[in-house]
Amino acid sequence: MKKSYIILIVIVAVILCIFFWFKGTYNNMVNTRENVAAQWSNVENQYQRRLDLIPNLVSTVKGYAAHEENTLTEVINARAKATQMQISIDQLDETTLKKLNNVQSELSSALSRLMAISENYPNLKANQNFLDLQAQLEGTENRIAVERRKFNDVARNYNSYIRQFPRNILAGMFGFTPKPYFEANAGAENAPKVEF
């Protein structure tokens, strides 16, 4: 009789240990995935901030450089593409992140050409509104870089957590999938050439 109670207690203890391990592991996976989602929102917020600045910048430049219509149109079209590209955390994978990076790179390239126009227009370069928008845009670009780095850190923590054995079995059972990282654009490893 006493032996059967001990066996029953051991079985219950083992079942409780397994239950609490499953519960703790699952909850940690949920928490780390939510951290990734929250950081992804921070990245999107900075992208949105840049998108919100562009119409003001374009209208300011348009007043001084009306015949630069081609560049202004490129910026407007690139902004429209970027605005249409909405990715939820559940859709985030290597392919969608590459598409997002391509769209954001097109926008950055168009903005660079727009900023280069200002060199040809001294009145535009002296316009306080343009200077303020330019400073805000530069600050936003820095914020985007910071948030992307933070996203990579959070995604790395999440990915390593769900890939470790035996958690990887539980992650597979409950649909926790690894998240991709932001990577430098092609050619970013090469220093720009400066010629005088």
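Which residues does L114 touch, not counting residues up to four places away in sequence? In this predicted model, L114 touches L57, V58, V61, T71, L72 and V75 once residues up to four places away are left out.

**The nonpolar cores**

L114 also belongs to the largest nonpolar core, which has 23 residues and in which I54, L57, V61, V75, L107, L111 and L114 touch the most other members. Helix 1, helix 2, helix 3 (94–117) and helix 5 (128–163) each supply at least two residues of this core, and helix 3 gives the largest share, seven residues.

T71 counts as buried because its relative accessible area, 13%, is under the 20% cut-off.

From C-alpha to C-alpha, I76 and L131 are 20 Å apart in space, while 55 residues separate them in sequence.

N159 is found in helix 5, and at 1% relative accessibility this asparagine counts as buried. When neighbours within four places in sequence are set aside, the contacts of N159 are with P178, K179 and Y181.

**Two helix pairs**

Two packed helices are described by the angle between their axes and by the distance between those axes. The table gives these values for two pairs, together with the handedness of each crossing.

| Helix pair | Angle | Axis distance | Crossing |
|---|---|---|---|
| Helix 1 and helix 6 | about 70° | 11 Å | right-handed |
| Helix 3 and helix 5 | about 155° | 13 Å | left-handed |

Helix 1 (residues 2–64) and helix 6 (residues 167–174) pack at an angle of about 70°, which means that helix 1 is roughly perpendicular to helix 6, since the angle lies in the range of 65 to 115 degrees. In this pair, W21, F22, T25, Y26 and M29 of helix 1 meet R167, L170, A171 and F174 of helix 6. Sorted by class, the contact of helix 1 with helix 6 consists of seven nonpolar residues, one polar residue and one charged residue.

For helix 3 and helix 5, the packing angle is about 155°, and because this value is over 145 degrees, helix 3 is roughly antiparallel to helix 5. On the side of helix 3 the contact is made by N101, S108, L111 and M115, and on the side of helix 5 by F130, Q134, L137, E141 and R148. By class, this contact of helix 3 with helix 5 has four nonpolar, three polar and two charged residues. L111 takes part in this contact and is also among the residues that touch the most other members of the largest nonpolar core.

Terms used:
Residues numbered from 1 in each chain as written. Predicted model: local features only at pLDDT ≥ 70, side-chain atom pairs only at ≥ 80, totals over all residues. Heavy atoms only, no water. Axes fitted to C-alpha atoms, helices over the stretch in contact; angles between N-to-C directions. Helix = DSSP H or I, 4+ residues; strand = E, 2+ residues; numbered from the N terminus. Parallel < 35°, antiparallel > 145°, perpendicular 65-115°, else oblique. Left-handed = near helix turned anticlockwise from the far one by under 90°. Contact = heavy atoms within 4.5 Å. Nonpolar A, V, L, I, M, F, W, Y, C, P; charged D, E, K, R; others polar. Core = buried A, V, L, I, M, F, W, Y, C linked by side-chain atoms within 4.5 Å. Buried < 20%, exposed > 50% of the residue type's maximum accessible area, 1.4 Å probe, protein only.
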